[in-house]
Amino acid sequence: MRHLVSIERRATVAGDYDDIPDVWEQHAPAWIDIKPLQGQELLIAQQVQSKMTHRATAPFQAGVTSDMRIKLGTRTLEIDSVINVDERNRQLEFQLVEVT
């Protein structure tokens, strides 16, 4: 695994005047391999999941869901889906959408 990232989850914090800001907190750091989708792979993925831009793999971590996101430096990647590869609790595969 070559990229150290932060897997983040949404945290709800009450703000002024009952305003609830969108705040993210770290769920866990993780080492991942990430690859942009290219060519026909991108075309096929976008037919099924309209905005998917990247695929990543990481060692298994319990509790990671598609409601979370990945921060890679200044880039933000929303987790579209999480797959427990072969249901062996050894590796996760992420389908990602880059938003920044």
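A residue counts as buried when its relative accessible area is under 20%, as exposed when that area is over 50%, and as partly exposed in between. By that rule, both Arg69 and Glu8 are buried, and their side chains meet in a salt bridge. The model described here is predicted.

**Strand pairing**

- On the β4 side, Lys71 is the bridge partner of Ser6.

**Salt bridges**

- The structure holds four salt bridges, and the following points describe Arg69 with Glu8, Arg55 with Glu93, and Arg75 with Glu98.
- Between Arg69 and Glu8 the N to O distance is 2.7 Å.
- This pair links distant parts of the chain, with Arg69 in strand β4 and Glu8 in strand β1, 61 residues apart.
- The side chains of Arg55 and Glu93 form a salt bridge at 3.7 Å, N to O.
- Here too the pair links distant parts of the chain: Arg55 belongs to strand β3 and Glu93 to strand β6 (residues 91-98), 38 residues apart.
- Arg55 has a relative accessible area of 26%, so it is classed as partly exposed.
- In the salt bridge of Arg75 with Glu98, the closest N and O atoms are 2.8 Å apart.
- Arg75 lies in strand β5 (residues 75-84) and Glu98 in strand β6, and the pair links distant parts of the chain, 23 residues apart.
- Arg75 is partly exposed because its relative accessible area is 30%, and Glu98, at 28%, is likewise partly exposed.

**His54**

- His54 is located in strand β3, which covers residues 54-59.
- Its relative accessible area is 7%, which is under the 20% cut-off, so His54 counts as buried.
- The side chains of His54 and Arg75 are joined by a polar contact of 3.4 Å.
- Arg75 also takes part in the salt bridge with Glu98, and both Arg75 and Glu98 are among the residues that His54 touches.

**Ile7**

- Ile7 sits in strand β1.
- Its relative accessibility is 1%, and therefore Ile7 counts as buried.
- Leaving aside neighbours within four places in sequence, the contacts of Ile7 include Glu25, Gln26, His27, Ala28 and Ala30.
- Further contacts of Ile7 include Gln61, Val64, Met68, Arg69, Ile70 and Phe94.
- Ile7 and Glu78 are 71 residues apart in sequence, and their C-alpha atoms are 9.9 Å apart in space.

**Nonpolar surface patch**

- Met1, Leu4 and Trp31 make a nonpolar surface patch of about 330 Å².
- Met1 is placed in the segment before β1.
- The relative accessible area of Met1 is 45%, so Met1 is classed as partly exposed.

How values were computed: Residues are numbered from 1 along each chain as its sequence is written. This is a predicted model: local features need pLDDT of at least 70, side-chain atom pairs count only at pLDDT 80 or more; totals for chains, interfaces and linings use all residues. Side-chain values use heavy atoms; hydrogens and water are left out. Two strands pair if DSSP finds at least two bridges between them. Helices (H or I, at least four residues) and strands (E, at least two) are DSSP runs, numbered from the N terminus. Patches are made of residues with over 30% relative accessible area and no salt bridge: like charges are joined within 9 Å, nonpolar side chains (Val, Leu, Ile, Met, Phe, Trp, Tyr) within 5 Å. Accessible areas come from the Shrake-Rupley method with a 1.4 Å probe; for residues, only the protein chains shown count as cover. Buried means under 20% relative accessible area, exposed over 50%, partly exposed in between (1.4 Å probe, protein chains only). A polar contact is a pair of N or O atoms within 3.5 Å; within protein, one must be able to donate a hydrogen and the other to accept it, and residues adjacent in sequence count only if both atoms are side-chain atoms. Contact means heavy atoms within 4.5 Å.
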